[in-house]
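Colleague: Please take a close look at one part of this model and tell me where it sits. Then set it against the chain as a whole and go through the local backbone features.

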Amino acid sequence: MSGWIVLSDPGGYTLGVSGLEKLVGRVRSPYVILILGHPGSGKTTLASTICYKNTLEGRSCLYVSFYEDKDKLFNYMRDVGLNLASAESVGLLRFARLPTPTKVDSAVDLLNTLLSEGKYDVVVIDSINPVLAGAEDPEKRAWLLNYFYNLAHLNNRLVVLVEELPYGQEATKIEEFAADAVLVLRSEVEESFLVRKLEVRKVRGRNIPLAEVPFSIIENRGFEVFVPPVLGEVPVEAGEIYVPCRAFRQVWGTLKRGFIAGVYYPATAGPRDLPIFLLAMSAINNIRTLFLSYRYSPNAMIEMILERAEELGIEQAITEKILSERITFASINPFSRSVTQLAIDELQLIDSVGPDLVVFHGIEILREGIPSGRYLKERYNQLNYLKSRGILVIRVGEYVDESAYKEMALLDDAVIKLSYVTPPSSYGTLKYEALLWRRGKLATIVSPEEVDECVRKCVEILKQKR
């Protein structure tokens, strides 16, 4: 039984999905879960996940189906990372396909025969629709509900009931009081993308912080529920990050871990020296940075940084060494997925890298492409979550006017706003000054000369890292 364990606590059953357990928790038998959903919504995948993940903890599962072909089910579940055949081979899973019953009594007799042939900790019935079809009479329905209830309570087990809802229908045909938890799976079109959502309609004895959460079914990874990070209070920052520029330190002091800092620049004034500043800050503070761009590929960003570093007299080997040790580059097309999925993918990327500093580059694209209220809500919750984890965030974006700047800077704790300085009759490369602001302080203008001094200091720091 390699890969399977026997729990010392047989009363705690897993739901098999970490995100779902964040909302519902592990459950104590006897317990009845009702999974509702339209055709193709993922009901069988979730039921199979609960069954299989409990076998991994040493519990036996009986999976009863009136529709599914065993080989077809096992093959599909293998594609999403559930090796039902392996659980069956060690005697912890039994799959039984029953004929479609014509009467409630005959369906119950078939189920009772199966249950008498073994001791099962988990029983899945996928689906109960054929049984319900023969229970239109109120007395029959009451008797059937009592039977489902007793399936769990007479044998101290977890029972999972699957019910398919016709398209356009949301209500179950089985009274929900018969279940301890009711989970509803549905699919919606959001911004032309299909978004799957799980509604936690009921969990007996537990207050659920979120009634609806997104989920996905991913090849080799299976059923995944994403619980959006919504914090009840604005978190407190902890720890400090040293700023390498004297002029910036005079205004900002240090930046706190958890701060949200914005860097904004006018059109065609992309801050070429910002990556040099980030490299120096990462190196001097010994931190790891994730640079996520909505505009450029990782290769394009690395090429631009190497080119600018060479112009400033930094050896390529030094730059490449710091980049490999300190910076992870990634890019996302934000319009290749829904707003909900974008937030999920970003946080999963951040979790996989584990950075101290996250740079979101090209945020003006999000501002222009996502409805204002939706953009603010999604970003605010995401940034508060990163703040709670002590991650410094720098948001970089181009502004076309003051209203665009003010909207993007609304979420920031500190700001760098770059503006062109154009003396009359000047020709050649333009310079820019920087408006610096930090919460609790007055805004201050930093001259082009002080900006240049900042760049020179960053170059000096990087050259010492040879």
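**A close look**

Modeller: K406 is part of helix α15, which spans residues 402-409. Helices here are DSSP runs of H or I with at least four residues, strands are runs of E with at least two, and both are numbered from the N terminus. The model is predicted, so local features need pLDDT of at least 70 and side-chain atom pairs count only at pLDDT 80 or more, while totals for chains, interfaces and linings use all residues. Residues are numbered from 1 along each chain as its sequence is written, and side-chain values use heavy atoms, with hydrogens and water left out.

K406 counts as exposed because its relative accessibility is 56%; the cut-offs are over 50% for exposed, under 20% for buried and partly exposed in between, with a 1.4 Å probe and protein chains only. From K406 to T319 the C-alpha separation is 34 Å, and the two residues are 87 apart along the chain.

For the setting, the protein has 16 helices and 21 strands. Its radius of gyration is 29 Å, well over the 23 Å given by the globule rule for 466 residues, so the protein is more spread out than a compact globule. That radius is taken over C-alpha atoms, and the rule is 2.2 Å times the number of residues to the power 0.38. Along the principal axes, the C-alpha atoms fill a box of roughly 95 × 45 × 35 Å.

Of the 466 residues, 51% are buried. Taking contacts between residues at least 6 apart in sequence, 72% join residues at least 24 apart, where contact means heavy atoms within 4.5 Å.

In α3 (residues 70-79), the residues L73, F74 and M77 are buried. They lie on the same side of α3 because they cover an arc of only 95° around the axis, taken from the directions from the helix axis to the C-beta atoms. D71 and K72, on the other side of α3, are exposed. The packing partners of the buried α3 residues are α2 (43-55), β4 (61-65), α4 (84-89) and β5 (93-97).

Several loops hold backbone features. S29 and P30 are joined by a cis peptide bond with omega about 0°, and P30 sits in the loop between β2 (27-28) and β3 (31-37). D126 and S127 are likewise joined by a cis peptide bond, with omega about 0°; S127 is in the loop between β6 (122-126) and α6 (129-133).

N220 is not a glycine but has a positive phi of about 70°. It lies in the loop between β10 (212-218) and β11 (222-225) and is exposed, with a relative accessible area of 58%. N286, a residue other than glycine, has a positive phi near 55°. Its loop runs between α9 (274-285) and β15 (289-293), and N286 is exposed at a relative accessible area of 52%.
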